[in-house]
Amino acid sequence: MTLAHETVPGTEVYGPGTFIDKTVLPVPVDARRVFELLASRTPGFTQNKALWDTVHFEGRPEPMVQGPIKSPVMAAALHAMGGVVANELLELRDGKPATENSVTVNTDHAGIWLGSVFTTYINGTDVSALARSGKLSSLFERNYEQGFGKGIASRATAIYQTKVPKVWYQLHGSLDANAALRTMGINPDVTFSTPQEYYDYIQGHIIKWSPDELEMHNVRHGLCGSICYSPEGWRKTEFGKRLSRHPLVNVTAETYAKPTPPIPLVKGLSDKRPLAGIKVLEMVRIIAGPQIGVTLASYGADVIRVNCSRLVDLNALQLTLNAGKRTIDLDITKPEDIERLQELLADVDIFIQGFRMGSLERKGLGLRNMLEIAAKRNKGIIYVDENCYGPDGPFHERPGWQQIGDAASGSEYVMGRSQGYEEGKSVLPPLPVSDMITGIVGAVGAMIAVKRRAVEGGSYHITSSLVAADAVALEKEVGLYPPEVVRDTVERFGFKEITPDQYVSEVLIPVIDGWKRGLPHDLDEDSRFMTTFKEPGPWGRQTLLKPVAKLGLEESTPRWTSPPVPHCHHGRDISWL
(Lines give C-alpha, C1' and ligand atoms only; values in the text may rest on other atoms or scores of the structure.)
Protein backbone atom coordinates (compact mmCIF):
# COMPACT_ATOMS: atom_id res chain seq x y z
CA MET A 1 0.00 0.00 0.00
CA THR A 2 1.24 3.49 -0.88
CA LEU A 3 2.55 5.33 2.17
CA ALA A 4 0.38 8.13 3.58
CA HIS A 5 1.24 11.52 2.15
CA GLU A 6 -0.39 14.91 2.68
CA THR A 7 0.19 18.22 0.94
CA VAL A 8 -1.14 21.74 1.31
CA PRO A 9 -1.71 24.22 -1.56
CA GLY A 10 1.46 26.12 -2.38
CA THR A 11 -0.06 28.97 -4.39
CA GLU A 12 1.30 31.72 -2.14
CA VAL A 13 4.77 30.17 -2.05
CA TYR A 14 5.51 28.49 -5.39
CA GLY A 15 2.59 29.68 -7.50
CA PRO A 16 -0.73 28.38 -8.88
CA GLY A 17 -1.09 24.63 -9.11
CA THR A 18 1.65 23.75 -6.63
CA PHE A 19 1.44 21.54 -3.55
CA ILE A 20 3.80 21.50 -0.56
CA ASP A 21 4.47 18.49 1.67
CA LYS A 22 2.78 18.77 5.03
CA THR A 23 5.29 16.34 6.53
CA VAL A 24 8.70 15.88 4.92
CA LEU A 25 9.66 12.23 4.61
CA PRO A 26 13.28 11.02 4.54
CA VAL A 27 14.38 10.78 0.93
CA PRO A 28 14.61 6.95 0.79
CA VAL A 29 11.16 6.64 2.37
CA ASP A 30 9.73 9.17 -0.08
CA ALA A 31 11.38 7.32 -2.97
CA ARG A 32 9.61 4.16 -1.87
CA ARG A 33 6.30 6.01 -1.80
CA VAL A 34 6.79 7.53 -5.26
CA PHE A 35 7.96 4.17 -6.62
CA GLU A 36 4.67 2.62 -5.53
CA LEU A 37 2.75 5.59 -6.97
CA LEU A 38 4.41 5.30 -10.39
CA ALA A 39 4.27 1.51 -10.38
CA SER A 40 0.51 1.58 -9.76
CA ARG A 41 0.03 4.02 -12.67
CA THR A 42 2.12 2.22 -15.28
CA PRO A 43 0.33 -0.13 -17.69
CA GLY A 44 2.38 -3.28 -18.24
CA PHE A 45 4.33 -2.88 -15.00
CA THR A 46 3.78 -5.68 -12.51
CA GLN A 47 1.12 -5.10 -9.89
CA ASN A 48 2.46 -8.00 -7.85
CA LYS A 49 3.21 -6.40 -4.48
CA ALA A 50 5.60 -9.22 -3.65
CA LEU A 51 7.80 -7.95 -6.48
CA TRP A 52 7.48 -4.39 -5.26
CA ASP A 53 8.72 -5.60 -1.87
CA THR A 54 11.98 -6.79 -3.43
CA VAL A 55 12.97 -3.11 -3.82
CA HIS A 56 15.13 -1.48 -1.15
CA PHE A 57 15.97 2.23 -0.97
CA GLU A 58 18.89 3.59 1.05
CA GLY A 59 20.70 6.91 1.34
CA ARG A 60 20.86 10.13 3.33
CA PRO A 61 17.51 11.38 4.67
CA GLU A 62 17.98 15.03 3.59
CA PRO A 63 17.44 16.44 0.07
CA MET A 64 20.57 17.08 -2.00
CA VAL A 65 19.30 19.21 -4.91
CA GLN A 66 18.66 22.95 -4.92
CA GLY A 67 14.99 23.95 -5.00
CA PRO A 68 11.72 22.31 -3.96
CA ILE A 69 11.43 19.73 -6.78
CA LYS A 70 12.10 16.13 -5.74
CA SER A 71 14.16 15.08 -8.74
CA PRO A 72 16.38 12.52 -6.91
CA VAL A 73 13.23 10.90 -5.50
CA MET A 74 11.78 10.61 -9.00
CA ALA A 75 15.05 9.28 -10.41
CA ALA A 76 15.41 6.68 -7.66
CA ALA A 77 11.83 5.46 -8.11
CA LEU A 78 12.22 5.04 -11.88
CA HIS A 79 15.57 3.25 -11.58
CA ALA A 80 13.92 0.88 -9.12
CA MET A 81 11.19 0.18 -11.67
CA GLY A 82 13.87 -0.66 -14.22
CA GLY A 83 15.44 -3.08 -11.75
CA VAL A 84 12.14 -4.86 -11.13
CA VAL A 85 11.55 -5.35 -14.85
CA ALA A 86 15.14 -6.56 -15.21
CA ASN A 87 14.54 -9.27 -12.62
CA GLU A 88 11.34 -10.28 -14.43
CA LEU A 89 13.38 -10.66 -17.62
CA LEU A 90 15.88 -12.84 -15.76
CA GLU A 91 13.01 -15.02 -14.56
CA LEU A 92 11.74 -15.43 -18.13
CA ARG A 93 15.21 -16.34 -19.37
CA ASP A 94 16.77 -18.26 -16.50
CA GLY A 95 13.82 -19.47 -14.48
CA LYS A 96 14.73 -18.04 -11.08
CA PRO A 97 11.62 -16.34 -9.62
CA ALA A 98 11.91 -12.55 -9.63
CA THR A 99 10.58 -12.53 -6.06
CA GLU A 100 13.82 -14.25 -5.01
CA ASN A 101 15.96 -11.46 -6.47
CA SER A 102 16.27 -7.92 -5.14
CA VAL A 103 16.74 -4.35 -6.34
CA THR A 104 18.72 -1.83 -4.31
CA VAL A 105 18.74 1.88 -5.11
CA ASN A 106 20.78 4.46 -3.23
CA THR A 107 18.98 7.81 -3.45
CA ASP A 108 22.25 9.79 -3.20
CA HIS A 109 23.53 7.81 -6.19
CA ALA A 110 20.28 8.57 -8.04
CA GLY A 111 20.69 12.27 -7.30
CA ILE A 112 24.28 12.36 -8.53
CA TRP A 113 23.14 10.47 -11.64
CA LEU A 114 21.06 13.51 -12.61
CA GLY A 115 24.32 15.44 -13.05
CA SER A 116 26.43 12.52 -14.23
CA VAL A 117 27.28 14.04 -17.62
CA PHE A 118 29.75 16.20 -15.67
CA THR A 119 31.01 13.73 -13.06
CA THR A 120 33.24 11.51 -15.21
CA TYR A 121 37.03 11.43 -14.81
CA ILE A 122 39.53 11.36 -17.67
CA ASN A 123 43.03 10.27 -16.62
CA GLY A 124 42.35 11.35 -13.07
CA THR A 125 40.77 14.76 -13.76
CA ASP A 126 37.01 15.29 -13.60
CA VAL A 127 35.17 16.88 -16.49
CA SER A 128 33.98 19.91 -14.54
CA ALA A 129 37.62 20.80 -13.75
CA LEU A 130 38.58 20.29 -17.40
CA ALA A 131 35.70 22.56 -18.45
CA ARG A 132 36.78 25.32 -16.06
CA SER A 133 40.39 25.11 -17.19
CA GLY A 134 39.47 25.33 -20.86
CA LYS A 135 41.13 21.97 -21.57
CA LEU A 136 37.95 20.02 -22.28
CA SER A 137 37.86 20.85 -25.99
CA SER A 138 41.37 19.46 -26.48
CA LEU A 139 40.08 15.94 -25.78
CA PHE A 140 38.15 15.77 -29.04
CA GLU A 141 39.72 15.17 -32.43
CA ARG A 142 36.49 16.15 -34.16
CA ASN A 143 34.67 19.25 -32.95
CA TYR A 144 30.97 18.47 -33.09
CA GLU A 145 30.07 21.77 -31.47
CA GLN A 146 31.13 23.69 -34.59
CA GLY A 147 31.07 27.04 -32.80
CA PHE A 148 27.98 26.19 -30.76
CA GLY A 149 27.60 28.35 -27.65
CA LYS A 150 30.11 31.04 -28.60
CA GLY A 151 29.45 34.79 -28.56
CA ILE A 152 25.82 35.79 -28.79
CA ALA A 153 24.86 32.14 -29.29
CA SER A 154 25.82 31.58 -25.64
CA ARG A 155 22.77 33.61 -24.60
CA ALA A 156 20.35 32.64 -27.36
CA THR A 157 19.21 29.91 -24.98
CA ALA A 158 18.09 31.75 -21.86
CA ILE A 159 14.97 33.04 -20.11
CA TYR A 160 13.70 36.53 -20.96
CA GLN A 161 11.10 38.98 -19.73
CA THR A 162 8.40 39.57 -22.34
CA LYS A 163 6.30 42.66 -23.04
CA VAL A 164 3.61 41.27 -20.73
CA PRO A 165 4.43 41.90 -17.04
CA LYS A 166 5.17 38.76 -15.01
CA VAL A 167 5.41 36.52 -18.08
CA TRP A 168 8.83 35.22 -19.04
CA TYR A 169 9.84 33.20 -22.05
CA GLN A 170 12.39 30.43 -22.57
CA LEU A 171 14.22 31.28 -25.76
CA HIS A 172 16.19 28.44 -27.34
CA GLY A 173 18.73 28.81 -30.10
CA SER A 174 18.76 25.04 -30.65
CA LEU A 175 21.88 23.98 -32.56
CA ASP A 176 21.89 26.96 -34.93
CA ALA A 177 21.40 29.98 -32.71
CA ASN A 178 22.47 32.57 -35.27
CA ALA A 179 19.80 31.49 -37.73
CA ALA A 180 17.15 31.56 -35.00
CA LEU A 181 18.16 35.06 -33.88
CA ARG A 182 18.06 36.39 -37.45
CA THR A 183 14.41 35.33 -37.83
CA MET A 184 13.62 37.64 -34.91
CA GLY A 185 15.53 40.60 -36.31
CA ILE A 186 18.37 40.19 -33.83
CA ASN A 187 21.82 40.73 -35.31
CA PRO A 188 23.97 37.68 -34.44
CA ASP A 189 27.15 39.39 -35.61
CA VAL A 190 27.34 41.93 -32.77
CA THR A 191 30.39 41.70 -30.54
CA PHE A 192 30.52 42.33 -26.80
CA SER A 193 33.03 41.58 -24.07
CA THR A 194 30.89 39.66 -21.60
CA PRO A 195 28.02 37.13 -21.64
CA GLN A 196 25.90 39.57 -19.63
CA GLU A 197 26.16 42.15 -22.42
CA TYR A 198 24.93 39.60 -24.95
CA TYR A 199 22.05 38.71 -22.64
CA ASP A 200 21.10 42.36 -22.16
CA TYR A 201 21.26 42.94 -25.91
CA ILE A 202 18.84 40.08 -26.62
CA GLN A 203 16.62 41.15 -23.72
CA GLY A 204 16.31 44.57 -25.30
CA HIS A 205 14.68 42.89 -28.30
CA ILE A 206 12.55 40.29 -26.50
CA ILE A 207 10.92 42.87 -24.24
CA LYS A 208 9.17 44.19 -27.36
CA TRP A 209 7.42 40.86 -27.96
CA SER A 210 4.39 39.46 -26.18
CA PRO A 211 4.61 35.78 -25.16
CA ASP A 212 1.95 34.84 -27.71
CA GLU A 213 3.86 36.63 -30.46
CA LEU A 214 6.99 34.72 -29.54
CA GLU A 215 5.09 31.44 -29.55
CA MET A 216 3.52 32.05 -32.95
CA HIS A 217 6.85 33.19 -34.39
CA ASN A 218 8.58 30.02 -33.24
CA VAL A 219 5.78 27.76 -34.45
CA ARG A 220 5.79 29.50 -37.83
CA HIS A 221 9.55 29.08 -38.22
CA GLY A 222 9.81 25.62 -36.69
CA LEU A 223 11.92 26.91 -33.80
CA CYS A 224 12.14 26.01 -30.13
CA GLY A 225 10.80 28.11 -27.29
CA SER A 226 8.14 28.15 -24.60
CA ILE A 227 6.23 30.45 -22.31
CA CYS A 228 7.32 29.89 -18.71
CA TYR A 229 3.99 28.58 -17.45
CA SER A 230 3.00 28.07 -13.86
CA PRO A 231 2.08 24.42 -13.20
CA GLU A 232 -1.59 25.37 -13.23
CA GLY A 233 -1.14 27.44 -16.38
CA TRP A 234 0.36 24.47 -18.22
CA ARG A 235 -2.35 22.06 -17.06
CA LYS A 236 -5.03 24.42 -18.41
CA THR A 237 -3.57 24.48 -21.93
CA GLU A 238 -4.87 22.07 -24.53
CA PHE A 239 -1.34 20.72 -24.85
CA GLY A 240 -1.18 20.01 -21.12
CA LYS A 241 -4.60 18.36 -21.09
CA ARG A 242 -3.66 16.04 -23.94
CA LEU A 243 -0.37 15.06 -22.37
CA SER A 244 -1.99 14.35 -19.00
CA ARG A 245 -4.10 11.59 -20.57
CA HIS A 246 -1.01 9.45 -21.03
CA PRO A 247 0.98 7.58 -18.37
CA LEU A 248 4.53 8.74 -17.75
CA VAL A 249 5.93 5.37 -18.86
CA ASN A 250 3.90 5.11 -22.05
CA VAL A 251 4.03 1.69 -23.73
CA THR A 252 1.50 0.85 -26.45
CA ALA A 253 1.05 -2.51 -28.17
CA GLU A 254 0.68 -1.88 -31.91
CA THR A 255 -2.25 -4.28 -32.25
CA TYR A 256 -3.22 -3.12 -35.75
CA ALA A 257 0.07 -4.43 -37.15
CA LYS A 258 0.54 -7.95 -38.44
CA PRO A 259 0.72 -10.29 -35.43
CA THR A 260 4.17 -11.64 -34.70
CA PRO A 261 5.03 -14.50 -32.30
CA PRO A 262 6.63 -14.22 -28.86
CA ILE A 263 10.40 -13.74 -29.00
CA PRO A 264 12.09 -15.61 -26.15
CA LEU A 265 15.13 -14.05 -24.54
CA VAL A 266 18.43 -15.55 -25.68
CA LYS A 267 19.72 -18.23 -23.31
CA GLY A 268 23.18 -19.67 -22.80
CA LEU A 269 25.16 -16.46 -23.24
CA SER A 270 28.22 -15.77 -21.12
CA ASP A 271 26.81 -12.31 -20.41
CA LYS A 272 24.19 -12.80 -17.69
CA ARG A 273 22.78 -9.28 -17.74
CA PRO A 274 19.02 -9.15 -18.43
CA LEU A 275 19.15 -7.62 -21.94
CA ALA A 276 22.07 -9.68 -23.27
CA GLY A 277 21.22 -10.66 -26.83
CA ILE A 278 18.94 -7.65 -27.42
CA LYS A 279 20.03 -5.43 -30.31
CA VAL A 280 19.41 -1.68 -30.19
CA LEU A 281 19.84 0.98 -32.85
CA GLU A 282 19.60 4.62 -31.82
CA MET A 283 19.46 7.85 -33.79
CA VAL A 284 19.67 10.53 -31.12
CA ARG A 285 21.49 13.66 -29.97
CA ILE A 286 22.29 15.63 -26.79
CA ILE A 287 21.13 13.87 -23.55
CA ALA A 288 17.63 12.39 -23.31
CA GLY A 289 17.75 10.00 -26.29
CA PRO A 290 21.31 8.80 -25.65
CA GLN A 291 20.42 8.24 -21.99
CA ILE A 292 17.83 5.65 -23.08
CA GLY A 293 20.45 3.71 -25.01
CA VAL A 294 23.21 3.99 -22.40
CA THR A 295 20.81 2.63 -19.77
CA LEU A 296 19.85 -0.31 -21.98
CA ALA A 297 23.55 -0.93 -22.67
CA SER A 298 24.19 -1.17 -18.92
CA TYR A 299 21.57 -3.92 -18.73
CA GLY A 300 23.41 -5.85 -21.44
CA ALA A 301 21.90 -4.69 -24.73
CA ASP A 302 24.13 -4.38 -27.80
CA VAL A 303 23.64 -0.70 -28.67
CA ILE A 304 24.75 0.84 -31.95
CA ARG A 305 24.55 4.62 -32.06
CA VAL A 306 24.13 6.25 -35.46
CA ASN A 307 25.57 9.76 -35.78
CA CYS A 308 26.23 11.95 -38.76
CA SER A 309 29.63 13.65 -38.66
CA ARG A 310 28.27 16.83 -40.22
CA LEU A 311 25.61 17.38 -37.51
CA VAL A 312 26.13 19.47 -34.38
CA ASP A 313 26.23 17.88 -30.93
CA LEU A 314 27.83 18.67 -27.57
CA ASN A 315 31.34 17.26 -27.29
CA ALA A 316 31.40 16.54 -23.55
CA LEU A 317 28.36 14.27 -23.71
CA GLN A 318 30.31 11.64 -25.64
CA LEU A 319 32.32 10.97 -22.49
CA THR A 320 29.38 9.44 -20.64
CA LEU A 321 26.48 8.79 -23.00
CA ASN A 322 28.41 6.49 -25.34
CA ALA A 323 29.38 4.02 -22.62
CA GLY A 324 28.87 0.42 -23.70
CA LYS A 325 27.99 1.45 -27.26
CA ARG A 326 29.42 1.20 -30.73
CA THR A 327 29.10 4.36 -32.82
CA ILE A 328 28.93 4.66 -36.59
CA ASP A 329 28.79 7.51 -39.11
CA LEU A 330 25.81 7.45 -41.47
CA ASP A 331 24.18 10.34 -43.33
CA ILE A 332 20.55 9.50 -44.07
CA THR A 333 20.43 12.15 -46.80
CA LYS A 334 22.58 9.76 -48.85
CA PRO A 335 20.87 6.73 -50.48
CA GLU A 336 23.87 4.47 -49.89
CA ASP A 337 23.85 5.24 -46.17
CA ILE A 338 20.11 4.60 -45.95
CA GLU A 339 20.81 1.18 -47.47
CA ARG A 340 23.41 0.50 -44.80
CA LEU A 341 20.96 1.56 -42.13
CA GLN A 342 18.28 -0.75 -43.52
CA GLU A 343 20.75 -3.63 -43.29
CA LEU A 344 21.26 -2.91 -39.61
CA LEU A 345 17.50 -2.68 -39.02
CA ALA A 346 16.90 -6.16 -40.41
CA ASP A 347 17.37 -7.83 -37.02
CA VAL A 348 17.20 -4.97 -34.52
CA ASP A 349 14.95 -5.42 -31.48
CA ILE A 350 14.73 -1.79 -30.31
CA PHE A 351 14.92 1.38 -32.40
CA ILE A 352 15.32 4.70 -30.54
CA GLN A 353 14.85 8.03 -32.27
CA GLY A 354 15.15 11.51 -30.78
CA PHE A 355 14.46 13.75 -33.75
CA ARG A 356 11.33 15.79 -34.30
CA MET A 357 8.24 13.57 -34.27
CA GLY A 358 7.45 12.45 -37.79
CA SER A 359 10.68 13.71 -39.33
CA LEU A 360 12.14 10.24 -39.87
CA GLU A 361 9.01 8.99 -41.61
CA ARG A 362 10.10 10.86 -44.72
CA LYS A 363 13.25 8.72 -44.72
CA GLY A 364 11.39 5.47 -44.30
CA LEU A 365 12.32 5.22 -40.63
CA GLY A 366 8.97 5.95 -38.99
CA LEU A 367 6.94 3.63 -36.78
CA ARG A 368 4.87 2.22 -39.64
CA ASN A 369 8.01 1.56 -41.68
CA MET A 370 9.44 -0.40 -38.76
CA LEU A 371 6.23 -2.37 -38.36
CA GLU A 372 6.50 -3.40 -42.01
CA ILE A 373 10.04 -4.66 -41.33
CA ALA A 374 8.73 -6.56 -38.30
CA ALA A 375 5.97 -8.17 -40.38
CA LYS A 376 8.37 -9.31 -43.11
CA ARG A 377 10.77 -10.92 -40.66
CA ASN A 378 7.95 -12.19 -38.38
CA LYS A 379 9.63 -10.67 -35.34
CA GLY A 380 8.14 -7.75 -33.43
CA ILE A 381 10.02 -4.48 -33.02
CA ILE A 382 10.10 -1.94 -30.19
CA TYR A 383 10.04 1.68 -31.40
CA VAL A 384 11.00 4.38 -28.90
CA ASP A 385 10.16 8.03 -29.61
CA GLU A 386 11.91 10.56 -27.37
CA ASN A 387 10.33 13.97 -27.83
CA CYS A 388 9.24 17.10 -26.02
CA TYR A 389 5.44 17.22 -25.88
CA GLY A 390 4.28 13.61 -25.95
CA PRO A 391 2.62 11.23 -28.42
CA ASP A 392 -0.19 13.45 -29.65
CA GLY A 393 -1.82 16.84 -29.23
CA PRO A 394 -1.31 20.11 -31.15
CA PHE A 395 2.36 20.41 -30.18
CA HIS A 396 3.58 16.82 -30.46
CA GLU A 397 5.58 17.48 -33.66
CA ARG A 398 7.11 20.66 -32.29
CA PRO A 399 10.86 20.53 -31.51
CA GLY A 400 12.06 20.88 -27.96
CA TRP A 401 14.96 20.48 -25.58
CA GLN A 402 15.39 20.13 -21.84
CA GLN A 403 14.79 23.83 -21.24
CA ILE A 404 11.51 23.71 -23.16
CA GLY A 405 10.25 20.93 -20.92
CA ASP A 406 11.34 22.94 -17.88
CA ALA A 407 9.54 26.06 -19.09
CA ALA A 408 6.31 24.49 -20.34
CA SER A 409 5.73 22.22 -17.34
CA GLY A 410 6.15 24.96 -14.73
CA SER A 411 9.52 23.79 -13.37
CA GLU A 412 11.29 27.05 -14.25
CA TYR A 413 8.45 29.09 -12.77
CA VAL A 414 8.56 27.11 -9.51
CA MET A 415 12.34 27.39 -9.31
CA GLY A 416 12.10 31.15 -9.71
CA ARG A 417 9.52 31.46 -6.96
CA SER A 418 11.61 29.23 -4.68
CA GLN A 419 14.45 31.77 -4.92
CA GLY A 420 12.17 34.60 -3.90
CA TYR A 421 11.88 36.16 -7.33
CA GLU A 422 8.79 38.08 -8.34
CA GLU A 423 5.96 36.12 -9.92
CA GLY A 424 6.83 34.88 -13.39
CA LYS A 425 10.60 35.43 -13.20
CA SER A 426 11.88 31.97 -13.98
CA VAL A 427 15.17 30.08 -13.80
CA LEU A 428 16.45 26.67 -14.83
CA PRO A 429 16.32 23.74 -12.45
CA PRO A 430 19.85 23.03 -11.19
CA LEU A 431 20.29 19.84 -13.23
CA PRO A 432 19.24 18.53 -16.69
CA VAL A 433 16.39 16.75 -14.94
CA SER A 434 13.90 16.48 -17.79
CA ASP A 435 16.59 15.04 -20.07
CA MET A 436 17.71 12.44 -17.57
CA ILE A 437 14.23 11.46 -16.40
CA THR A 438 13.06 11.20 -20.01
CA GLY A 439 16.00 8.86 -20.60
CA ILE A 440 15.23 6.48 -17.75
CA VAL A 441 11.49 6.58 -18.58
CA GLY A 442 12.26 5.55 -22.17
CA ALA A 443 14.55 2.77 -20.99
CA VAL A 444 12.00 1.39 -18.51
CA GLY A 445 9.35 1.50 -21.24
CA ALA A 446 11.61 -0.38 -23.64
CA MET A 447 12.32 -3.05 -21.01
CA ILE A 448 8.61 -3.49 -20.31
CA ALA A 449 8.10 -3.92 -24.07
CA VAL A 450 10.88 -6.55 -24.24
CA LYS A 451 9.11 -8.47 -21.47
CA ARG A 452 5.73 -8.20 -23.18
CA ARG A 453 7.14 -9.19 -26.56
CA ALA A 454 8.72 -12.28 -24.96
CA VAL A 455 5.36 -13.33 -23.48
CA GLU A 456 2.71 -11.96 -25.85
CA GLY A 457 4.57 -11.34 -29.09
CA GLY A 458 3.81 -8.25 -31.19
CA SER A 459 5.42 -4.85 -31.64
CA TYR A 460 5.42 -1.91 -29.23
CA HIS A 461 5.64 1.87 -29.30
CA ILE A 462 7.09 3.92 -26.44
CA THR A 463 6.93 7.71 -26.18
CA SER A 464 9.08 9.41 -23.57
CA SER A 465 8.41 13.14 -23.21
CA LEU A 466 10.49 15.97 -21.72
CA VAL A 467 7.45 17.93 -20.55
CA ALA A 468 5.89 14.84 -18.97
CA ALA A 469 9.16 14.07 -17.17
CA ASP A 470 9.00 17.49 -15.52
CA ALA A 471 5.25 17.74 -14.99
CA VAL A 472 4.96 14.54 -12.96
CA ALA A 473 7.23 15.94 -10.23
CA LEU A 474 4.88 18.92 -9.81
CA GLU A 475 1.78 16.83 -9.17
CA LYS A 476 -0.05 16.91 -5.85
CA GLU A 477 0.66 13.22 -5.28
CA VAL A 478 4.41 13.86 -5.39
CA GLY A 479 4.58 17.20 -3.57
CA LEU A 480 7.25 19.89 -3.20
CA TYR A 481 9.61 20.59 -0.34
CA PRO A 482 8.64 23.50 1.94
CA PRO A 483 10.75 26.70 1.88
CA GLU A 484 12.60 25.90 5.11
CA VAL A 485 13.85 22.62 3.61
CA VAL A 486 14.92 24.44 0.45
CA ARG A 487 16.86 27.01 2.51
CA ASP A 488 18.51 24.31 4.60
CA THR A 489 19.65 22.43 1.48
CA VAL A 490 21.18 25.58 0.00
CA GLU A 491 23.04 26.28 3.24
CA ARG A 492 24.33 22.72 3.67
CA PHE A 493 25.81 22.58 0.16
CA GLY A 494 26.58 26.26 -0.39
CA PHE A 495 24.60 26.34 -3.61
CA LYS A 496 24.67 29.59 -5.59
CA GLU A 497 21.72 31.63 -6.78
CA ILE A 498 20.47 30.66 -10.24
CA THR A 499 19.69 33.50 -12.66
CA PRO A 500 17.60 33.62 -15.86
CA ASP A 501 20.58 34.25 -18.14
CA GLN A 502 22.42 31.04 -17.29
CA TYR A 503 22.96 28.04 -19.56
CA VAL A 504 22.65 24.44 -18.32
CA SER A 505 26.36 23.85 -17.69
CA GLU A 506 26.67 27.16 -15.82
CA VAL A 507 24.03 25.94 -13.39
CA LEU A 508 25.21 22.32 -13.26
CA ILE A 509 28.89 22.81 -12.42
CA PRO A 510 28.22 24.83 -9.21
CA VAL A 511 25.84 22.07 -8.09
CA ILE A 512 28.59 19.49 -8.53
CA ASP A 513 30.91 21.79 -6.54
CA GLY A 514 28.30 21.86 -3.78
CA TRP A 515 28.03 18.08 -3.76
CA LYS A 516 31.79 17.79 -3.38
CA ARG A 517 31.47 19.87 -0.23
CA GLY A 518 28.30 18.28 1.14
CA LEU A 519 28.69 14.63 0.05
CA PRO A 520 32.22 13.78 1.20
CA HIS A 521 34.01 11.40 -1.20
CA ASP A 522 30.85 10.40 -3.10
CA LEU A 523 32.10 12.11 -6.26
CA ASP A 524 35.76 11.07 -5.87
CA GLU A 525 37.30 8.89 -8.56
CA ASP A 526 37.49 5.96 -6.13
CA SER A 527 33.98 6.53 -4.74
CA ARG A 528 31.68 3.56 -4.08
CA PHE A 529 29.45 5.01 -6.81
CA MET A 530 32.16 5.15 -9.49
CA THR A 531 33.55 2.54 -11.85
CA THR A 532 36.86 2.67 -13.71
CA PHE A 533 37.27 0.68 -16.91
CA LYS A 534 40.10 -1.84 -16.75
CA GLU A 535 41.21 -1.13 -20.30
CA PRO A 536 41.86 2.46 -21.42
CA GLY A 537 39.45 3.87 -23.97
CA PRO A 538 40.03 6.44 -26.71
CA TRP A 539 40.44 9.15 -24.05
CA GLY A 540 42.68 7.12 -21.76
CA ARG A 541 41.73 5.94 -18.26
CA GLN A 542 38.10 6.74 -17.68
CA THR A 543 35.88 6.61 -14.61
CA LEU A 544 32.10 6.90 -14.81
CA LEU A 545 29.25 6.96 -12.33
CA LYS A 546 27.94 3.40 -12.02
CA PRO A 547 24.39 2.54 -13.13
CA VAL A 548 22.01 3.36 -10.29
CA ALA A 549 20.07 0.12 -9.81
CA LYS A 550 21.83 -2.82 -8.20
CA LEU A 551 20.35 -6.29 -8.64
CA GLY A 552 20.62 -9.11 -6.14
CA LEU A 553 22.56 -11.25 -8.62
CA GLU A 554 25.97 -9.61 -9.05
CA GLU A 555 26.59 -11.22 -12.44
CA SER A 556 23.33 -9.74 -13.73
CA THR A 557 23.55 -6.27 -12.17
CA PRO A 558 23.82 -3.42 -14.71
CA ARG A 559 27.30 -2.34 -15.75
CA TRP A 560 29.10 -1.29 -18.90
CA THR A 561 31.63 -3.70 -20.36
CA SER A 562 33.30 -1.19 -22.67
CA PRO A 563 34.26 2.47 -22.17
CA PRO A 564 32.68 5.33 -24.12
CA VAL A 565 33.92 5.99 -27.64
CA PRO A 566 33.58 9.15 -29.75
CA HIS A 567 30.70 9.72 -32.13
CA CYS A 568 31.21 7.99 -35.49
CA HIS A 569 34.11 6.03 -33.97
CA HIS A 570 33.59 2.96 -36.15
CA GLY A 571 33.11 4.90 -39.38
CA ARG A 572 30.75 3.92 -42.19
CA ASP A 573 31.72 0.27 -42.59
CA ILE A 574 29.01 -1.89 -41.03
CA SER A 575 30.16 -5.26 -42.37
CA TRP A 576 31.65 -6.27 -39.02
CA LEU A 577 28.64 -5.28 -36.90
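**Reading the aromatic rings**

Author: Let's begin with Lys-49, which lies over the face of Trp-52, 4.5 Å from the ring centre. This is a predicted model, where local features need pLDDT of at least 70, side-chain atom pairs count only at pLDDT 80 or more, and totals for chains, interfaces and linings use all residues. Residues are numbered from 1 along each chain as its sequence is written, and side-chain values use heavy atoms, with hydrogens and water left out.

Reader: How many aromatic pairs does a search of the whole structure find?

Author: Rings of Phe, Tyr and Trp (its six-membered ring) pair if their centres lie within 6.5 Å; planes under 30 degrees apart count as stacked, over 60 as edge-to-face and the rest as tilted. The search finds 14 pairs. In one of them, Phe-239 and Phe-395 have ring centres 3.8 Å apart and planes at 10°, so this pair is stacked.

Reader: Are Phe-239 and Phe-395 buried or exposed?

Author: Buried means under 20% relative accessible area, exposed over 50%, and partly exposed in between (1.4 Å probe, protein chains only). Both Phe-239 and Phe-395 are buried.

Reader: Which residues do ring pairs link into a cluster?

Author: Tyr-229, Trp-234, Phe-239, Tyr-389 and Phe-395 are linked this way.

Technical notes. Lys NZ or Arg CZ within 6 Å of the ring centre and 35° of its normal.
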